[in-house]
Amino acid sequence: MTFVPEPPDPDDDRAPYEQVASSLSAAIRTRRLGPGEKLPSHAKLTELYGFARATIQRALRDLEDEGLVVSRKGSGVYVRNRTERPAGLRPYVEQAFAKDVVTIDFAGFSSETLHGALQEPLDKIRVGRLTPSSIAVRILVPDMSVPQAAPVRMEDGADDERLRDRMRDIMISYTRSIRDGIAELEHLGLVAETRINVRVHSGTQFFKLYVINNEDAFFGYYPIRPNKVVSQGETIEIYDLVGKDATLFHHSINEAESSSGAQQVQQARMWFDSVWETIGRDFDLDAR
């Protein structure tokens with residue numbers, strides 16, 4: 001099958017190499033370019049996109065850095081065969097907002113990474129470059145009013161209410177920002193319907209999970225690391241869950257039905273719904 005890219009958007013203000021990288025990345029994720037498939041030559045991509053050869057080379061380097069393609073000397077550039085690989089969340093979230101109906105389910109500690117990944121697509125909605133009609137976000141986090149296995153004091157491994165209060169404040173800050181940023185789009189008439197729901201559970205969250213548009217799942221473990229934090233004016237050495245050190249692995253429903261990727265997405269959706277609908281409890285972000 002001959003690959004034909006979407007024509008460049010004349011209103012897209014991103015650098016040309018970013019536009020090409022985004023187009024090819026989307027083609028790979030939607031399997032218009034399948035695993036192991038050879039990409040068109042540099043010369044052909046230059047012709048297809050209408051950009052300079054150096055632009056195409058820069059875009060392909062970015063895709064290789066992202067782990068989506070591999071360059072084979074003397075042969076060409078190929079889509080990587082591995083479907084389970086470390087992946088960045090941000091481009092997939094942005095791609096999700098190109099659809100009419102957007103759903104995001106998140107389970108984790110603070111929603112800090114999700115907050116960062118949402119900023120660019122929300123900005124694009126504000127300027128009319130993305131036009132979803134519905135956005136629904138469900139956020140599932142631990143109940144920090146009850147003792148947790150982590151974070152705990154390093155000196156005795158004990159729970160400390162000050163640490164839980166600190167984590168609760170961090171979670172509320174990022175989650176409120178997500179809620180307010182998305183709700184604003186509805187108030188401005190840019191999105192017809194928005195829903196942001198937050199629930200808590202009484203367990204300790206040792207992993208983070210994102211399910212995007214019921215099609216893509218990202219999973220990563222929170223490693224426990226020594227850390228030093230300030231709470232209520234006092235420095236405390238703790239064992240902490242460190243989200244920034246979590247490597248995310250991507251699974252897609254677009255794989256064949258019997259593939260590991262499709263099954264991983266199915267199980268992620270099943271797990272999230274089971275917790276959300278049973279032991280998850282509504283949480284009021286504005287209650288004190």
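Biologist: How far apart are the mean positions of the positive and negative charges of the protein chain?

Modeller: Lys and Arg count as positive, Asp and Glu as negative, while His and the chain ends are not counted. Each charge is placed at NZ of Lys, CZ of Arg, CG of Asp or CD of Glu. Here the mean positions of the 36 positive and 44 negative charges are 5 Å apart. This is a predicted model, where local features need pLDDT of at least 70, side-chain atom pairs count only at pLDDT 80 or more, and totals for chains, interfaces and linings use all residues. Residues are numbered from 1 along each chain as its sequence is written, and side-chain values use heavy atoms, leaving out hydrogens and water.

Biologist: What share of the protein chain is buried?

Modeller: Buried means under 20% relative accessible area, exposed over 50%, and partly exposed in between, with a 1.4 Å probe and protein chains only. Of the 288 residues, 45% count as buried.

Biologist: Is S133 buried or partly exposed?

Modeller: S133 counts as partly exposed because its relative accessibility is 27%.

Biologist: Where does S133 lie?

Modeller: Helices (H or I, at least four residues) and strands (E, at least two) are DSSP runs, numbered from the N terminus. The protein chain has 7 helices and 12 strands. S133 sits in the loop between α5 (112-126) and β4 (134-142).

Biologist: Which residues does S133 touch?

Modeller: Contact means heavy atoms within 4.5 Å. Leaving aside residues up to four places away in sequence, S133 touches D100, V191, A192 and E193. The C-alpha atoms of S133 and P40 are separated by 35 Å.
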